[in-house]
Amino acid sequence: MIESGIGLVAGAPIEEILACAYTIPTDGHESDGTLEWDATTIVVVEIEAAGETGIGWTYGPAAVAHLIDELLAPAVSGSGAYEIGGAHLAMRHALRNAGVAGTGSMAISAVDVALWDLKARLLGVSVAALLPQAHREVPIYGSGGFCSYPIGRLVEQLEEWVESGIPRVKMKVGRDPDSDVLRVLAARRAIGDAADLYVDANGAFTTKQALRFADDYAELGVSWFEEPVSSLDVDGLCLLRDRAPAGMDIAAGEYAATLGDFVELAKCVDCLQADVTRCGGITGLLAAASIAEANELDLSGHTAPTIHAHALCAVPKLRHLEWFHDHVRIEQMLFDGFLEPTGGVVKPDLSRPGLGVEFKRADARRYAD
């Protein structure tokens with residue numbers, strides 16, 4: 001049955017590619033160590049072939065949709081829906097002058113995810129089942145704890161995750177370093193000693209600042225220090241990985257767009273991160289996973305829960321998935337079939353084709369850019 005399906009898909013030319021941006025207000029002002037925002041933009045791509053529609057998306061500026069329309073859609077249209085590798089190469093070639101990193105990589109990611117969803121739907125299987133599945137479920141950690149939150153809101157959010165069965169949670173630090181230790185202390189007291197506590201500075205600190213705060217956070221049982229310095233500061237990350245307190249992992253990789261980025265970061269972190277909506281989609285994520293495995297590192301997925309719930313099942317050295325407040329909220333709003341976690345893990349629904357979700361276009365229309 002699968003063999004005949006593959007034959008059908010290989011001969012199914014891509015007929016139409018539609019990209020639209022939707023900007024959705026947050027449920028409160030949010031900030032981390034280096035950025036503030038009141039809305040999040042999701043760029044949704046729909047690809048049609050042989051009577052089926054595949055869906056993919058990325059989180060980035062509306063310009064990503066224009067880039068897809070102008071450069072990527074012409075490069076992919078007419079190719080076989082099964083030929084994802086060829087489409088991926090064609091998109092990279094089309095972005096030679098525009099640049100592959102940044103918005104270019106986001107655009108490739110959204111189209112690539114839509115192609116995987118389309119292929120799975122044409123074959124009548126889930127994306128997780130279509131991939132070389134190594135796991136049946138993906139551990140998650142609750143992520144939010146924004147710097148803009150008052151202490152009460154911070155501890156309430158973290159407590160809700162722990163009480164729901166998620167045994168690890170993450171908060172933002174770095175905007176007001178002098179108050180961060182007190183915020184981390186409040187978080188630790190709220191969630192108790194049984195849950196893991198992570199912090200994310202989003203590159204806000206200098207190397208010496210990060211070294212100091214690593215010691216302070218370690219005394220409060222923090223076991224994960226994400227982007228203590230900029231991911232561009234490879235030397236700083238290496239120093240922190242080597243000198244961080246025992247039991248504290250240094251993590252980075254959410255902004256990596258190319259294999260070269262992952263190769264460099266793998267030299268200087270304890271856990272490599274990858275974002276399926278930024279690193280070239282599912283195709284790029286699988287390549288990043290191979291780099292992590294070659295360096296004896298675990299891989300952690302960054303946000304975009306619906307896509308990662310499937311894609312991370314194919315990652316051999318899997319750590320977990322970031323269950324990010326903003327993206328969870330948006331995907332619950334815009335996609336029927338959104339998966340809810342149970343007991344600190346999320347399991348893809350293998351009975352539903354593709355990513356297992358349907359885009360609620362009517363609900364999304366009010367947010368269209």
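The legends below describe close-up views of a predicted model.

**View 1. Packing of helix H8 against helix H9.** Helix H8, spanning residues 207-219, packs with helix H9, spanning residues 234-243, at an angle of about 20°, and their axes lie 10 Å apart. Because angles under 35 degrees count as roughly parallel, H8 and H9 are therefore roughly parallel to each other. On the H8 side the contact is made by Thr207, Ala210 and Leu211, and on the H9 side by Gly236, Leu239, Leu240 and Arg243. By class, the residues of this contact of H8 with H9 are four nonpolar, two polar and one charged.

**View 2. Packing of helix H6 against helix H7.** The axes of helix H6 (residues 151-163) and helix H7 (residues 177-191) are 9 Å apart, and the two helices pack at an angle of about 35°. H6 passes H7 in a right-handed crossing. From H6, the residues Ile151, Leu154, Val155, Leu158, Glu159 and Val162 meet Arg183, Ala186, Ala187, Ala190 and Ile191 of H7. The contact of H6 with H7 comprises nine nonpolar and two charged residues, with no polar ones.

**View 3. The largest nonpolar core and the surroundings of Trp57.** The largest nonpolar core has 122 residues, and those with the most contacts inside it are Ile42, Trp57, Ile68 and Tyr217. Helix H4, covering residues 103-123, supplies the largest share of this core, with twelve residues. Leaving aside residues up to four places away in sequence, Trp57 touches residues including Ile42, Ala110, Thr306, Glu331, Phe335 and Val357.

**View 4. A second, separate core.** This second core has five residues, among them Tyr198, Trp224, Ala251 and Cys271.

Key. Residues numbered from 1 in each chain as written. Predicted model: local features only at pLDDT ≥ 70, side-chain atom pairs only at ≥ 80, totals over all residues. Heavy atoms only, no water. Axes fitted to C-alpha atoms, helices over the stretch in contact; angles between N-to-C directions. Helix = DSSP H or I, 4+ residues; strand = E, 2+ residues; numbered from the N terminus. Parallel < 35°, antiparallel > 145°, perpendicular 65-115°, else oblique. Contact = heavy atoms within 4.5 Å. Nonpolar A, V, L, I, M, F, W, Y, C, P; charged D, E, K, R; others polar. Core = buried A, V, L, I, M, F, W, Y, C linked by side-chain atoms within 4.5 Å. Buried < 20%, exposed > 50% of the residue type's maximum accessible area, 1.4 Å probe, protein only. Left-handed = near helix turned anticlockwise from the far one by under 90°.
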